[in-house]
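Open the model in your viewer and keep the selection panel at hand. Each stop says what to select and what is there.

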Amino acid sequence: MNNLKSRQAKEKRFQLYGIFSILIALSLLIILFVSIVSQGYTAFKETRIQLPINFNEEILDPNNTKDWNIVKKANFNKLVKNAVDEIIPGVEGRGNKRKLYKLISSSAEYKLRDLVEENIEIIGTKEKIWVLADDDVDMLIKGHIKRDLPESERRIDNQELQWIAILESKKIIKKFFNKTLFTKGDSAESEQSGILGALIGSLFALTITLVLSFPIGIATAVYLEEFAPKNNKFIDFVEVNINNLAAIPSIIFGLLGLAIFLNFFGMPRSAPLVGGLVLSLMTLPTIIISSRAALKSVPPSIKEGALGLGASNVQAVFQHVVPVALPGMFTGTIIGMAQALGESAPLLIIGMVAFIVDIPQTMTDPATALPIQIYLWADTPERGFVERTSAAIMVLLVFLVFMNSLAVYLRKKYEKDIN
Amino acid sequence: MYNENLITEENIEMINENFIEDEQLKIDISETVGDIHVEDPRIIAKNVNVFYGEKIAINNVSIDIGKNEVLAMIGPSGCGKSTFLRCLNRMNDTIESCKVQGEIYLDNKNILEKKTDVVPLRARVGMVFQKPNPFPKSIYDNVAYGPKIHGLAKNKTELDEIVFNSLERAGLLAEVKDRLNSPGTSLSGGQQQRLCIARTIAVSPEVILMDEPCSALDPIATAKVEQLIYELKENFTIVIVTHAMQQAARVSQRTAYFHLGNLVEVGATEKIFTTPQHKLTESYITGRFG
């Protein structure tokens, strides 16, 4: 009886340990999420200022050609400056003027240029247009720069504060949903930078990875599990090596990619194509191992039944064993892809770490990937990039959570179908 | 539960242990007692030996299997009756370490020859397994699979006919005809086993091998399957491995008693169960071991 009591106590204690460790893990996770979200949520808004732009003919098209090739050389910045002068008149002196114009992001003139290119008839009219504010103004509006700090510790001085107060009183400075973040590539100016370039780079690389590693991985797994001769030294050697590959640090795969794909085959540097190739090297062992586990878990009686009916080995495998194992294979593949999405080390080595403004159009254009964009931004001291780093992490996490839940969903769904 | 289908090391060890035991008993089991020959045989097995690696699992077994008869194979666990059964449609090929020697003639052709194509062989010699193993597909697709891969139906109508006919003959049609699209695995154990029988007869085999087809079923389902076997013998030659001696007595015309890889005695079922000639057969059927 004594024994029974101590056994029950032991069980209780063990349960407590379990709950305790889950609580620790959960609280760490919550701390992580809270810190990311609290730093990053403001990045989903951007500050814009409404300017009364006068598309002045004399500035844009003095000869009235209406020809974009001539108009595009015009001084669009002058339009912005004129509009700012109109809202906040009476600022004297070169230094002060420059400070005033710096409230507006340098992207404003490009926006106007785009508007004119879209519709050349706009020349000569007057329109109110929301343009991006400078990142310092953005930070002030979002409250990351405190107004009550002494002037010397503030990035925005008293005079600029006054001007912003004027804008606020006229209600022509407002926070909008941050479209720039999702539609632009990287930029030196935080208010003009976005994650689209990195996102496309990641998607290109992942597409290559999926296209290569899914069929190769599954074919390897099916061969090793169902067709390869058992107790064959060479097959054993291959198996041991595949298992070892799964444990190799990813940066080594990057070095391999650098040596083979870039130096030997002369593929373009920084391209998602090479990134995808390197990531598929890394993902292959994961897919092979999980697919083999899925194939192993198919009851052998199913294959026997098919063989007993006179199905050939290939028919039995592909018509009965593989379909049952497929959800497990999908799960393994998605988890491998999620791993590849979050991977940065091998991509660093093959040069996908670079300041790339343009959004990649093809798989051979230079690009970065999401985790690398996070790394690049985290390296930048400006306050505007801090919140964008967190925002990019959130986007990455959303993708990872989505992929992992898809894996769980697929597994659950097909398990139900089979049982 | 002990699974006859899985030939494991443990299993083989058991055979060897039994050998030692028997040497102590000093009973000769190397010669088969009774009538191994029948008139008008369908299958003739001559001097069949089966090895798992170095170990011998079937020792020099010769037996005829007649047309349209039910042959029951009985014997204690590990005696090799399932192994012998699986030789008859070369299912032992799937076990890497298994080597089969000797000759098995099906219509004067030695099926153990290397060049024999197992695909048409298995279509002629169908098999029902110990545990019901329907495919994780619909009831219809389970039965239609065999005819499809062997190209037995030219069109959908013919296929439908084969499927319905097979289900009817397996005594399952009335129970499943309004849910042919539900998965085969949703049926009860007994229905699953009859589905597997329907699946087997759908390819019109000449011989059906049954490896303890009722061992996973309850008595009512067992009775149904036995009734089915009784009816099927009109058209098929059936070889059934069973642990239940009453079952052997009920369904078979001839019975073969295996012991430690040897075919000890074979003869008409009535004779085996009433006046067995061999001492071991007698001990087994009277329940002294097994």
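## Stop 1: a helix pair in chain A

Select helix α11 (residues 233-245) and helix α13 (residues 272-296) of chain A: their axes come within 8 Å and cross at roughly 120 degrees. This is a predicted model. Angles over 145 degrees count as roughly antiparallel and 65 to 115 as roughly perpendicular. The two helices α11(A) and α13(A) are therefore oblique to each other. The crossing of α11(A) past α13(A) is left-handed.

Now show side chains. From α11(A), pick E239(A), I242(A), N243(A) and L245(A). They meet P285(A), I288(A), I289(A) and R292(A) of α13(A). By type, the residues of this contact between α11(A) and α13(A) are five nonpolar, one polar and two charged.

## Stop 2

Step back to the loop between α10 and α11 of chain A, and select N231(A). Its phi is positive, about 55 degrees, although N231(A) is not a glycine. Is N231(A) buried or exposed? Exposed means over 50% relative accessible area. N231(A) has 76% relative accessibility, so it counts as exposed.

## Stop 3: α10 against α15

Stay in chain A. Select helix α10 (residues 196-227) and helix α15 (residues 313-341). They pack at an angle of about 145 degrees, and their axes are 9 Å apart. Here α10(A) passes α15(A) in a right-handed crossing.

Colour the contact residues next. On α10(A), they include L206(A), L210(A), F214(A), I218(A) and V222(A). On α15(A), look for V317(A), F318(A), V321(A), M329(A) and F330(A), among others. The contact of α10(A) with α15(A) holds 16 nonpolar residues, four polar and one charged.

## Stop 4: an open sheet in chain B

Move to chain B. Four strands form an open sheet there, in the order β3-β2-β5-β6, with antiparallel pairing. Which strands stand at the edges? They are β3 (55-66) and β6 (109-110) of chain B. Each has a single partner strand, so one side of each is left without a neighbour in the sheet.

Select strand β2 (residues 41-52) of chain B together with β3(B). Eight bridges pair them in the antiparallel sense. For one of these, centre on P41(B): its bridge partner in β3(B) is G66(B).

## Stop 5

Select R90(B), in the loop between α2 (81-87) and β5 (98-106) of chain B. R90(B) is a residue other than glycine, yet its phi is positive, near 60 degrees. Buried means under 20% relative accessible area. With a relative accessible area of 11%, R90(B) is buried.

## Stop 6: the enclosed strand β9

End on strand β9 (residues 237-241) of chain B. Five of its five residues are buried, so β9(B) is largely enclosed by the rest of the structure. Both faces of β9(B) are covered. T237(B), V239(B) and V241(B) lie on one side, I238(B) and I240(B) on the other.

Strand β4 (residues 70-74) of chain B runs parallel to β9(B), joined by four bridges. In that pair, L71(B) has V239(B) as its bridge partner. Strand β8 (residues 207-211) of chain B also runs parallel to β9(B), through five bridges. There, D211(B) stands opposite V241(B).

Notes
Residues numbered from 1 in each chain as written. Chains lettered and ligands numbered in written order. Predicted model: local features only at pLDDT ≥ 70, side-chain atom pairs only at ≥ 80, totals over all residues. Heavy atoms only, no water. Axes fitted to C-alpha atoms, helices over the stretch in contact; angles between N-to-C directions. Left-handed = near helix turned anticlockwise from the far one by under 90°. Contact = heavy atoms within 4.5 Å. Nonpolar A, V, L, I, M, F, W, Y, C, P; charged D, E, K, R; others polar. Pairing = 2+ DSSP bridges. Parallel < 35°, antiparallel > 145°, perpendicular 65-115°, else oblique. Buried < 20%, exposed > 50% of the residue type's maximum accessible area, 1.4 Å probe, protein only.
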